[in-house]
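Me: I'd like to go through this structure with you piece by piece. Please keep to what the model shows.

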Amino acid sequence: MARRPFLVAALLAALLSCACEPKRQQPGAAVIEGEWIYDNNCAECHENPQPDLHKQPPNLHGLFLRKSLPSGALATDSQVRMTIIQGKGTMPAFDQRLREEDLKNLLAYLRTLR
Amino acid sequence: MRKCATAFTTESPAAEGQENEDKVMKPRFLLPLVLLLLSLFVACNRTKRYPLQGEVVAKSPAAGEITVNHGDIPGFMAAMAMPYRVKDPAVIQQVQPGDRIAAEVVVGSDPSNYWLENVRITDQSGRGQSRMPTGSQMLAPGARVPDITLTNQDGRKIRLSDFAGKAVLVTFIYTRCPMPNFCPRLSSQFARIHNELKKNPADYDKTQLLTISFDPKYDTPAVLRKYGLAYLDGDESGFSHWDFASSDPADLHRLAQAFGLEYEEQDNQISHTMSIVLIAPNGTVARYWSTEWTWNELLASLEQSAHGSSQAGGE
């Protein structure tokens, strides 16, 4: 009986441990890398309103959940990659500025945006 | 973290109706509980911070990194030059190779995941290898602008003297600029000015807009044409009033010096200042702006200059 509170505390702690470390899968290295690329190259325009810009950059959350991109093109990796490299409308081209690996990681991250 | 915080509020395991026993058990119960929760709290906040001092030797805006040559960071890293990530793009824009900085290295639960925070430039005197022009060569208001030859979006040669008799608003961009407050803002606000001028033929005929790229290697006439059309909403006739042009690097450098523009290419991205120049119909500098301006202020000055009542001055 004297041991009960200690056991309760230990059980509670074990439960809290589960709360701190969610069961869901940790994002992979590509997604973590992609988030950095996104934060440093995309987020400023695509996450914040830009009243001074000619056209408002679209929000990219759920980009791959829809059939088509904001431009109307099919929501595929190759189409998004082409948009990033070549730019689209007033969106600047990222040609020669992102490495192939950066692009792959960025696409992996964009796919996680909900 | 939110889950950890919530967890701390869920402590009520003592059995009801056993007050006496609880009083006896409380210290023995609390100690392991507090220790366990503390260890969990620490486990949930496993980032570590280390002070760093060093010199920026390179930067890579696309990767969000700066390379710092630093001394020993006890507990983390021996003295060496290595790249560090910086989350805030403004910091990467601000620091230049040669700057001495102080910062904090933040190391996440995964030791391979580390980055810099609280970056401060402590000494800029070593900033070097820059081909940025000195302000002393900047033309004073009233001075005649150099008659530089440019190539526009149609591949046609144009000279600044071609616009004699018109008030010309000139600015500098590069089409791949990803900073919304720099080139995209300049072109967007020039588009607004263009649209306003179109409403009044008397103003339209006496004014001209000129956007000059300082990235001639990438910004070919075809690239400039595509860029310009995006801001002209696809209306090609707009090019008669708004040229998008570039020049050879030597002439661009000369023009940059004349108009107080600073730019430096690194890692396929160009660090640059903003410069907007109003050229009066007589071919002299009427006024400059850098960062503090609004589209309607530019429009008003352009219209005044076109109709012969420009105000000389500048920022």
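Me: Which residue does Glu55(B) stand opposite in β2(B)?
Reply: Glu55(B) stands opposite Asn69(B), in a model that is predicted, where local features need pLDDT of at least 70, side-chain atom pairs count only at pLDDT 80 or more, and totals for chains, interfaces and linings use all residues. Residues are numbered from 1 along each chain as its sequence is written, while chains are lettered from A and ligands numbered from 1 in the order in which they are written.

Me: In what sense do strands β1 and β2 of chain B pair, and over how many bridges?
Reply: Strand β1 (residues 48–60) of chain B and strand β2 (residues 65–70) of chain B are paired in the antiparallel sense over six bridges; strands are DSSP runs of E with at least two residues, helices are runs of H or I with at least four, both numbered from the N terminus, and two strands pair if DSSP finds at least two bridges between them.

Me: And what about the turn, which residue there has a positive phi?
Reply: The hairpin of β1(B) and β2(B) has four residues between the strands, and Gly64(B) takes a positive phi near 70 degrees.

Me: What does β2(B) pair with on the β3 side, and how?
Reply: β2(B) pairs with strand β3 (residues 80–86) of chain B, again over six bridges and in the antiparallel sense. Val68(B) stands opposite Met82(B) in β3(B), and His70(B) has Met80(B) as its bridge partner there.

Me: Which strands close into the barrel, and in what order?
Reply: Five strands of chain B close into a barrel in the order β1-β2-β3-β5-β4, with mixed pairing. The twist averages 50 degrees from one strand to the next.

Me: Switching to chain A, where is the confidence lowest and where is it highest?
Reply: It is lowest in helix α1 (residues 4–20) of chain A, at a mean of 57, and highest in helix α5 (residues 100–110) of chain A, at 96. The mean pLDDT of chain A (the predictor's confidence in each residue, from 0 to 100) is 85, and 78% of its residues reach 70 or more.

Me: How do α4(A) and α5(A) cross?
Reply: The axes of helix α4 (residues 77–86) of chain A and α5(A) come within 11 Å and cross at roughly 120 degrees, the axes being lines fitted to C-alpha atoms, for helices over the stretch in contact, with angles from 0 to 180 degrees between N-to-C directions. That makes α4(A) oblique to α5(A), since angles under 35 degrees count as roughly parallel, over 145 as roughly antiparallel, 65 to 115 as roughly perpendicular and the rest as oblique.

Me: Which residues meet there?
Reply: Asp77(A), Val80(A), Arg81(A) and Ile84(A) in α4(A) meet Leu103(A), Leu107(A) and Leu110(A) in α5(A), where contact is taken as C-beta atoms, placed from the backbone, within 7 Å.

Me: Back in chain B, what is the angle between α4 and α8?
Reply: Helix α4 (residues 183–198) of chain B packs on helix α8 (residues 295–306) of chain B at about 50 degrees, with the axes 9 Å apart, and that makes α4(B) oblique to α8(B). Gln189(B), Arg192(B), Ile193(B) and Glu196(B) in α4(B) meet Trp295(B), Leu298(B) and Leu299(B) in α8(B).

Me: How many bridges join β13(B) to β14(B)?
Reply: Four bridges join strand β13 (residues 276–279) of chain B to strand β14 (residues 285–289) of chain B, which run antiparallel, and Leu278(B) has Arg287(B) in β14(B) as its bridge partner. Their hairpin has five residues between the strands, with Gly283(B) at a positive phi near 80 degrees.

Notes:
Two residues are in contact if their C-beta atoms, placed from the backbone, lie within 7 Å.
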